[in-house]
Amino acid sequence: MVLQAVVDAKKRFIVIDVAKYGSMSDAGIFRVSLLKKDIVTGLLELPSPSKFPNSNVESPYYLIGDGAYPLKPYLMKPYGKRILSPEESTYNRRFSRARCIVENAFGAIAQKWQILHTTMQHSPETVEKIIRCICVLHNILLDIENDDDVDDEEDKEEEEEDEEEEDDDDDDDCAEDDDDEEDEEEEEEEEEDLKRGEVIRKELLNWFLQNP
């Protein structure tokens, strides 16, 4: 059973795809996943394109993945060459910072729920439900922690205000299809996606260089 998910900037799981993909690679799993299907068909509605901050270049929104994923207009990945130019190294370094958020989210559920380190003696259907529940519980705990942080921050602000009032007088201070025709169409689509993905990645690289 494999969990493929989209994580937001606050480490919440916002899209999850749990299925029995066997020993397929990450790229193979993504190719036949519901996640890709939902993106391509528009069911997973990504925001409309917008301009990079401090730039007139408009770019679509996209997911980010590691080097095992395919480059798509809606999925960016790092440069995978052995010898990188200084510009490509800068891109990979900046890209890695964002991807760490995803790694941290998966690491958090693996650390918190030890059942993920074992072979679950349940039916695939039950295992899928367990994994989905873990993702939901992870989000709930994050919300609670964030609420606590907000409460602590508000309490701190109130304390500072009180101190300022008291000291007023003193002064204070992160499906693949076997049909040949469909395979050919899919290959053409993959090539077109790769070309468009390269263009978008180059734009992102240039923005990184202009905004260190």
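**Group meeting talk: a walk through the fold**

Okay, starting from the N terminus, the elements of the protein chain go β-β-α-α-β-β-β-β-α-α-α. That comes to 5 helices and 6 strands, where helices (H or I, at least four residues) and strands (E, at least two) are DSSP runs numbered from the N terminus. Before going on: this is a predicted model, local features need pLDDT of at least 70, side-chain atom pairs count only at pLDDT 80 or more, and totals for chains, interfaces and linings use all residues. Residues are numbered from 1 along each chain as its sequence is written, and side-chain values use heavy atoms, with hydrogens and water left out.

First, the overall surface. Of the 212 residues in the protein chain, 30% are buried. Buried here means under 20% relative accessible area, exposed means over 50%, and partly exposed is in between, with a 1.4 Å probe and protein chains only. The chain exposes about 14,300 Å², and carbon and sulfur atoms supply 47% of that. Those areas come from the Shrake-Rupley method with a 1.4 Å probe, and for residues only the protein chains shown count as cover.

Now to the start of the chain. Strand 1 (residues 2-7) and strand 2 (residues 13-19) run antiparallel, joined by 6 bridges; two strands pair if DSSP finds at least two bridges between them. If you want a landmark, look at Val6, which stands opposite Val15 in strand 2. The hairpin has 5 residues between the strands, and Lys11 sits in that loop. As background, most residues other than glycine have a negative phi. Lys11 is partly exposed, at 26% relative accessibility. Asn54 also has a positive phi, about 60°, and is not a glycine. You'll find Asn54 in the loop between strand 3 (50-51) and strand 4, and at 72% relative accessibility Asn54 is exposed.

Back to the hairpin loop for a moment, and on to salt bridges. By salt bridge I mean a side-chain nitrogen of Lys or Arg within 4 Å of a carboxyl oxygen of Asp or Glu. How many are there by this rule? The count is 10 salt bridges. One of them pairs Arg12 with Asp143, with the closest N and O atoms 2.7 Å apart. Arg12 lies in the loop between strand 1 and strand 2 and Asp143 in helix 4, so this pair ties together parts that are 131 residues apart in sequence. Arg12 is buried at 17% relative accessible area, whereas Asp143 is partly exposed at 31%.

Glu198 and Arg201 also meet in a salt bridge, 3.2 Å from N to O. These two are 3 residues apart in helix 5 (residues 180-210), which puts about one helical turn between them. Then there's Glu190 with Lys72, at 3.4 Å; Lys72 is buried at 2% relative accessibility, while Glu190 is partly exposed at 26%. Both belong to a network of salt bridges that links Arg31, Lys36, Lys72, Glu190, Asp193 and Arg196.

While we're on helix 4 (residues 124-166), Val136 lies there too. Together with Leu137, Ile140, Leu141 and Ile144, Val136 forms a nonpolar surface patch with about 390 Å² of accessible area. A patch takes residues with over 30% relative accessible area and no salt bridge, joining like charges within 9 Å and nonpolar side chains (Val, Leu, Ile, Met, Phe, Trp, Tyr) within 5 Å.

Next, the aromatics. Rings of Phe, Tyr and Trp (its six-membered ring) pair if their centres lie within 6.5 Å; planes under 30 degrees apart are stacked, over 60 edge-to-face, and the rest tilted. That gives 8 aromatic pairs. Tyr91 and Phe208 make a tilted one, 5.8 Å centre to centre with 50° between the planes. Tyr91 is buried, with 0% relative accessible area. Trp207 and Phe208 are tilted as well, with centres 5.9 Å apart and planes at 55°, and both are buried. One aromatic cluster takes in Phe52, Tyr79, Tyr91, Phe95, Trp207 and Phe208.

Last stop, Tyr62, in the loop between strand 4 (58-59) and strand 5 (63-64). What does Tyr62 contact, leaving aside neighbours within four places in sequence? Phe52, Pro73, Tyr74, Leu75, Met76, Ile200 and Leu204, where contact means heavy atoms within 4.5 Å.
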